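Subject: A structure for you to look at

Hello,

Here is the structure I promised. Please open it first, then read my notes beside it.

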Amino acid sequence: MSFFNKLFSREKKESLDQGLQKTKESFLTKIGRAIAGKASVDTEVLDNLEEALVSADVGVDTTVQIIDRIEKRVSKDKYLGTSELNRILQEEIAGLLVDAPDSGFRDFDTPAGKKPYVIMVVGVNGVGKTTTIGKLAYNFKKAGKSVLLGAADTFRAAAVDQLTIWSDRVGVPIVKQQMGSDPGAVAFDTVQSGAAKDVDVIIIDTAGRLHNKSHLMDELSKIKRVMKKVLPDAPHEVLLVLDGSTGQNALEQARHFTAATEVTALAITKLDGTAKGGVVLAIANQFKIPVKYIGIGERMEDLQVFNKEEFVDSLFSLND
């Protein structure tokens, strides 16, 4: 195992490798031919590497940055071999990604002095938002935290029903009201109840409509305002959930939501069913927002804490 792998449990690393297999196979097929038989990194290798990164949905802008960084490394050492490309590729890609300010989340811990820790979850319908909330609740509870869910997506009956199912499945309480209720009122009640009961983590679902961006912005701002009446520093985190299988469309969603509210972290789902896993790099690099979680399967354990070295090792290791 590489140094990066040692940072991760073997079981989780195997799950990560398996979840990213489609993207990796596509990438390695393209880059493998370019490196075969070559002793050094030349223009042809870099051109093929560029094509392979773009095809993995890393995005043109991010790909150009990666290739530029590798070219600078190559120019320093004229005899750089293709055997070293693996290490340099991973280092330069990882170097583009933003780290979360607090590493405690890796163990599903919460920052000291922030109790309850309030997470507001945003994202369009269908990206796996409710499922991600359920999996987060499971992992926080598994880590010994008390959790309360808030069903503030009151515009879809299915959203409240789905979150209630996850509440029952994980065994955590939920605050909800009738469909069509004021989302701000649900958020207020959730935070007030969580504070009164001294819970560790509050996770609040919100509506995911993008057809009217100004309305979305107003609604998210209102939800944040009413939370602050109970906890002045809430929400502590605004988590944007994106569907990785939609590739560049996920970038557009990120653009809309980062314009509508102050997104502080990302969760990228459905990476196991796509060859577009490189979009994680494109989104994180373009918006300079840390990726905290990735979804690589259906099981509750398949929401993994994102570690950029492990991710890059799984996705872009040329040694396999």
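**The largest pocket**

The largest pocket holds about 270 Å³ of space. Keep in mind that this is a predicted model. The pocket is lined by 15 residues. Lys 12, Asn 139, Lys 142, Glu 301 and Leu 303 lie nearest its centre. By type, the lining residues divide into 7 charged, 5 nonpolar and 3 polar.

**The sheet**

Strand β8 also belongs to an open sheet of 8 strands. Read across, the order is β3-β2-β4-β1-β5-β6-β7-β8, and the pairing is mixed. Which strands stand at the edges? They are β3 (174-175) and β8. Each has a single partner strand, so one side of each is left without a neighbour in the sheet. Elsewhere in the order, β1 (residues 117-122) and β5 (residues 237-243) run parallel, joined by 4 bridges. Look for Val 122, whose bridge partner in β5 is Leu 240.

**An annotated span**

UniProt, in an unreviewed entry, places "domain: SRP54-type proteins GTP-binding" at residues 290-303. This span is 43% strand and 0% helix. Its end C-alpha atoms lie 16 Å apart.

**Ser 314**

Now find helix α13 (residues 308-316), where Ser 314 sits. Is Ser 314 buried or exposed? Its relative accessible area is 1%, so Ser 314 is buried. Leaving out residues up to four places away in sequence, Ser 314 touches Lys 13, Leu 16, Asp 17, Leu 20 and Lys 24.

Best wishes

Definitions and conventions: Residues numbered from 1 in each chain as written. Predicted model: local features only at pLDDT ≥ 70, side-chain atom pairs only at ≥ 80, totals over all residues. Heavy atoms only, no water. UniProt positions renumbered as here; feature names shortened; annotations may be inferred. Helix = DSSP H or I, 4+ residues; strand = E, 2+ residues; numbered from the N terminus. Buried < 20%, exposed > 50% of the residue type's maximum accessible area, 1.4 Å probe, protein only. Contact = heavy atoms within 4.5 Å. 1 Å grid on protein atoms, 1.4 Å probe; cavity = no way out; pocket = protein on both sides within 12 Å on 5 of 7 lines; lining within 4 Å. Points joined across faces, edges and corners; volume = space filled by probe spheres on them. Nonpolar A, V, L, I, M, F, W, Y, C, P; charged D, E, K, R; others polar. Pairing = 2+ DSSP bridges.
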